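This briefing covers a predicted model. It is arranged by topic for a reader who has the sequence and coordinates at hand.

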Amino acid sequence: MPDAAEPHRKVLRLAGYDYAQAGAYFVTICTAGRRCVLGSIVGTAFQASPPGTLVTAEWQDVPRRFPGVALDAFVVMPNHLHGIVVLEPGAMPPLGAIIRAFKAVTTRRLRTSGVPDFTWQANYYEHIIRNEIDLDRVRQYITENPARWADDTENPA
């Protein structure tokens, strides 16, 4: 039973869905407290800080760490990352294992390279991409995200 002082974490998963099955998934991973440590938006483009450059490199490295996993469109923002993860048929890891490993690696590397108090939000958002129309819509959302930063719900300003 959770400690009374711990806030109850909302379950974001689709009940009964196997997140290890082949398919495309849209994910959003936020920094804890939505701290803008990954970079900034200049005009309509993301400018990575050193931590943002590290996060970008680690995200691009996910397919090497996880055979059978591919990445599609993604964008790193000042305090979050949006990306499409594709689990190919026969891929071994479920989505949650991939995200946990990414968060663990980036947290460890950022803490030892100048951001000692860095952490990600405990949960992450995921959306099962069900068809090509949905995939195109998500790709457009990701691509246009920096231009919409002023109105983004993840923007603490």
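**Nonpolar core**
- The largest nonpolar core has 38 residues.
- Within this core, the residues that touch the most other members are Ile-29, Leu-38, Val-55, Trp-59, Val-85 and Phe-102.
- Two or more core residues come from each of the helices α1 (50-60), α3 (95-111) and α4, and also from each of the strands β1 (23-30), β4 (69-76), β5 (80-87) and β6 (125-129).
- Trp-59 contacts Val-27, Ile-29, Leu-71, Phe-74, Leu-81, Gly-83, Val-85, Ile-99 and Phe-102, when neighbours within four places in sequence are left aside.

- Strands β2 (residues 39-42) and β3 (residues 45-48) run antiparallel and are joined by four bridges.

**Asp-134**
- Asp-134 belongs to helix α4, which spans residues 132-144.
- Asp-134 counts as buried because its relative accessible area is 9%, and the cut-off for buried is under 20%.
- The side chains of Asp-134 and His-127 are joined by a polar contact of 2.7 Å.
- Not counting residues up to four places away in sequence, Asp-134 touches His-127, Ile-128 and Ile-129.

Methods:
Residues numbered from 1 in each chain as written. Predicted model: local features only at pLDDT ≥ 70, side-chain atom pairs only at ≥ 80, totals over all residues. Heavy atoms only, no water. Buried < 20%, exposed > 50% of the residue type's maximum accessible area, 1.4 Å probe, protein only. Polar contact = N/O pair within 3.5 Å; in protein donor to acceptor, adjacent residues only side chain to side chain. Contact = heavy atoms within 4.5 Å. Core = buried A, V, L, I, M, F, W, Y, C linked by side-chain atoms within 4.5 Å. Pairing = 2+ DSSP bridges.
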